[in-house]
Amino acid sequence: MVFIIVVLTVLITILWDPQRQWWELIAILILSGSLALVEFIVSKNDLTPSSSYVLWCATILSLTYLAFKVPLHIMVALFFVLLAIRRLLSLKTGHSIIKKIFDATFWIAIATVFYHWSALLYLLVFVSIFLYVRNDFRHWATPFIALGCVWVLLFTYDYVWDNHVISSLWDLYKSSYLWEYTVFQSQEIILFFLIIFSVFGLFIYLTKLIDIQQSVRPRFTIMTFMGLCGIALFLIDFESFCNGGYLFLILPLSVFIARAVHAINHKIFKEILLWIPVLLLLGSFLLY
């Protein structure tokens, strides 16, 4: 059902907008793979009770990339970031710790090549180490080794093909602070709603922290810091956030909505929460 929704929405958008290129159909595969990772992450780590609410919310919110015309390379970066999150959350098992830390850092470094602000998510690696395995010095050193491996590969690529990838990465880090804007486009209202829901979810997490089981609390802390990285990007580079950086909020926001649906007993409020992603998707197209 999710795959059908993704395919139909992408096809209709491409047919409706003659400026879109047919090669953008590859986004169907990338987005489907990302949503499969979302479902795997949630189901394997008990982030919500058994349901498809997270997958539903993540699917609908992800499709807003069509309205905001998010570049394909940011979609690829999101896929690699989700691979990293999967490895970080699996630290709870206590097996192959160094390998998992190395893999997570490696995937985030690859994501940074595609989208430079993915570097904010290095914070998640060190937060995860602190939460799960902070007593071994090797665990703190492993991320730097993984990052060094990626830099060696990039340096080799630059040296052989002379494409100046490393220098171009540094040039991309330009700030466009939110408080410098005096005029906003109508479509950006949708992103303000995403931020409001994210901040509200963070507040709920902090107030209900004591009610969360000790065994699963670190996983929600990682989700919270992922949301904080998205909020930080919203503040320090609003332009980049609007161009696709907001996609990094989708996983923690979908988990929050799904948990809220399970926690609320009133049926009407449950329905409202489940329809919020649909309204945001429709609003992003109507305000286009």
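The model is predicted: local features need pLDDT of at least 70, side-chain atom pairs count only at pLDDT 80 or more, and totals for chains, interfaces and linings use all residues. Residues are numbered from 1 along each chain as its sequence is written, and side-chain values use heavy atoms, without hydrogens and water.

**Core**
- The largest nonpolar core has 94 residues. Such a core is a set of buried Ala, Val, Leu, Ile, Met, Phe, Trp, Tyr and Cys residues joined through side-chain atoms within 4.5 Å. Buried means under 20% relative accessible area and exposed over 50% (1.4 Å probe, protein chains only).
- Tyr65, Ile85, Tyr246 and Leu251 touch the most other members.
- Helix H5 (residues 72-89) supplies the largest share of this core, 13 residues. Helices are DSSP runs (H or I, at least four residues), numbered from the N terminus.

**Tyr65 and Thr64**
- Beyond neighbours within four places in sequence, Tyr65 contacts Val10, Ala27, Leu31, Val70, Met75 and Tyr246. Contact means heavy atoms within 4.5 Å.
- Thr64 sits in the loop between H3 (53-62) and H4 (65-68). Thr64 is buried, at 4% relative accessible area.
- With neighbours within four places again set aside, Thr64 contacts Tyr246, Leu280, Leu281 and Ser284.

**Helix H10**
- Buried residues in H10 include Ile190, Leu194, Ser198 and Tyr205. The buried residues of H10 fall within an arc of 145° seen down the axis, so they line one face. The arc is taken from the directions from the helix axis to the C-beta atoms.
- Exposed Ile196, Phe203 and Leu206 are on the face turned away from the buried side of H10.
- The buried residues of H10 pack against helices including H3, H4 and H14 (267-286).

Technical notes. Helices (H or I, at least four residues) and strands (E, at least two) are DSSP runs, numbered from the N terminus.
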